[in-house]
Amino acid sequence: MKLLTGLVFCSLVLGVSSRGWFSFLGEAYDGARDMWRAYSDMREANYSDKYFHARGNYDAAQRGPGGAWAAEVISDARENIQKLLGRGAEDTLADQAANEWGRSGKDPNHFRPAGLPEKY
């Protein structure tokens, strides 16, 4: 329901035209894939998650407004779920700072941990 409400809101407030809807949805889909790829890489690499938060949000936001929207929705949902599971507030704030850093177009390598293989 939140997804539908968000799409309607974006359409009305941002003035997405009928042709723009397809572009927005495509960007959102690709942005969600970028977020999944960053999450998968984080699990595979078994390294600090701040870099992967920033990278996923950065990659998704580079897709356009739909990608940035998807990154924000996914990031907020993930942090809210972790908060419910009892993860610390400090960690949530640090994750959200990394998310915003990446979405704003800043270099995610700012959070890159020492020793992380180049493939990431």
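Residues are numbered from 1 along each chain as its sequence is written, and side-chain values rest on heavy atoms, with hydrogens and water left out. Because the model is predicted, local features need pLDDT of at least 70 and side-chain atom pairs count only at pLDDT 80 or more, whereas totals for chains, interfaces and linings use all residues.

The largest nonpolar core comprises six residues, namely Met42, Ala45, Tyr51, Phe52, Leu116 and Tyr120. Such a core is a set of buried Ala, Val, Leu, Ile, Met, Phe, Trp, Tyr and Cys residues joined through side-chain atoms within 4.5 Å; buried means under 20% relative accessible area, exposed over 50%, and partly exposed in between (1.4 Å probe, protein chains only). Helices α2 (18–45) and α3 (49–61) each supply at least two residues of this core, helices being DSSP runs of H or I with at least four residues, numbered from the N terminus.

Tyrosine 51 and phenylalanine 52 are both buried. Their ring centres lie 5.0 Å apart with the planes at 75°, so the pair is edge-to-face. Rings of Phe, Tyr and Trp (its six-membered ring) pair if their centres lie within 6.5 Å; planes under 30 degrees apart count as stacked, over 60 as edge-to-face and the rest as tilted.

The structure holds six aromatic pairs. Among them, tryptophan 36 and tyrosine 39 form a tilted pair, 5.5 Å centre to centre with 40° between the planes. Because these two residues are three apart in helix α2, about one helical turn separates them. Tryptophan 36 is exposed, at 56% relative accessible area, and tyrosine 39 is partly exposed, at 33%.
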